[in-house]
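Please open the model in a viewer and keep the selection panel at hand.

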Amino acid sequence: MFALGARVLGAVSLLAVGAVHLQQYFELYSEIPTIGTLFVLNFVGATIVGLALLAPVERLLGRVGGAALALLTLAGIGQAATAFVFLWISERTPLFGFMEPGYDPEAILAARIAEVATVIFLGAFAVARLRGARPSAADPARGPR
């Protein structure tokens, strides 16, 4: 049950990452070369991965469902972490010729919270899945060593 909750919260927070980027694209960044495109791509990627994490991919994809779920989880973590790092870099030095001027501190805060939440929740989901996949030494189903 913990793993499912972490998965759902991770997916929802990843969707929030995408939503913030889409809102900011239309609000401020649509005219900025490269950065504007990256904001749209962040939205598209976050939407695809977030919705896939909410779907029962393990059942829909059969034998490859577990692997697909693991890849989706890693993709969500990677996307959120990359967005967080790129924002941090762009606040300190130009990134693709653009330096974040801090026009919208509320959106920056929302993006940071959603990105960190995504990494935490999907990371917890990944750990829970890994722990569930490995029987413990005290598991009677394993039999004697």
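This is a predicted model: local features need pLDDT of at least 70, side-chain atom pairs count only at pLDDT 80 or more; totals for chains, interfaces and linings use all residues.

Begin with Phe-96, which is placed in the loop between H4 and H5. Most residues other than glycine have a negative phi. Colour Phe-96 by accessibility next; at 47% relative accessibility, this residue counts as partly exposed.

Next, select Thr-34, in the loop between H1 and H2. Here too phi is positive in a residue other than glycine, with a value near 65 degrees for Thr-34. Thr-34 counts as partly exposed, at 38% relative accessibility.

**The aromatic pairs**

Return to the loop between H4 and H5 and display Phe-98 together with Tyr-29. How are these two rings arranged, by centre distance and by the angle between the planes? Tyr-29 and Phe-98 form an edge-to-face aromatic pair, 5.7 Å centre to centre, with 85 degrees between the planes. Tyr-29 belongs to helix H1 and Phe-98 to the loop between H4 and H5, so the pair ties together parts that are 69 residues apart in sequence. Both Tyr-29 and Phe-98 are buried. The model has four aromatic pairs by count.

**The nonpolar cores**

Now select Leu-14, Val-49, Leu-53, Leu-69 and Leu-72. Within the largest nonpolar core, which has 15 residues, these five touch the most other members. The elements that contribute two or more residues to this core are helix H1 (2-29), helix H2 (35-54), helix H4 (65-90) and helix H5 (105-133). Apart from this core lies another, of five residues, including Tyr-25, Tyr-29, Ile-35 and Phe-98.

Centre the view on Leu-53. Which residues does Leu-53 touch, not counting those up to four places away in sequence? With that exclusion, the residues touched by Leu-53 are Arg-7, Ala-11, Leu-69, Leu-72, Thr-73 and Leu-122.

**Helix H2 against helix H4**

The crossing of H2 and H4 is left-handed. To view the contact itself, select Leu-41, Asn-42, Gly-45, Ala-46, Val-49, Ala-52 and Leu-53 on the H2 side; on the H4 side they meet Leu-69, Leu-72, Thr-73, Ala-75, Gly-76, Gln-79 and Ala-83. Classified by residue type, the contact of H2 with H4 comprises nine nonpolar, five polar and no charged residues.

**Two final stops**

Select His-21, in helix H1. Is His-21 buried or exposed? His-21 has a relative accessible area of 9%, and buried means under 20%, so this residue is buried. Leaving aside its neighbours within four places in sequence, His-21 is in contact with Phe-39, Asn-42, Ala-83 and Glu-115.

Finally, move to Thr-47, which lies in helix H2. At 22% relative accessibility, Thr-47 counts as partly exposed. Draw a distance from the C-alpha of Thr-47 to the C-alpha of Gly-18: the two are 6.4 Å apart in space, although 29 residues apart in sequence.

Key:
Residues are numbered from 1 along each chain as its sequence is written. Side-chain values use heavy atoms; hydrogens and water are left out. A nonpolar core is a set of buried Ala, Val, Leu, Ile, Met, Phe, Trp, Tyr and Cys residues joined through side-chain atoms within 4.5 Å. Buried means under 20% relative accessible area, exposed over 50%, partly exposed in between (1.4 Å probe, protein chains only). Helices (H or I, at least four residues) and strands (E, at least two) are DSSP runs, numbered from the N terminus. Contact means heavy atoms within 4.5 Å. A crossing is left-handed if the near helix is turned anticlockwise from the far one by less than a right angle, and right-handed if clockwise. Ala, Val, Leu, Ile, Met, Phe, Trp, Tyr, Cys and Pro count as nonpolar, Asp, Glu, Lys and Arg as charged, and the others, Gly among them, as polar. Rings of Phe, Tyr and Trp (its six-membered ring) pair if their centres lie within 6.5 Å; planes under 30 degrees apart count as stacked, over 60 as edge-to-face and the rest as tilted.
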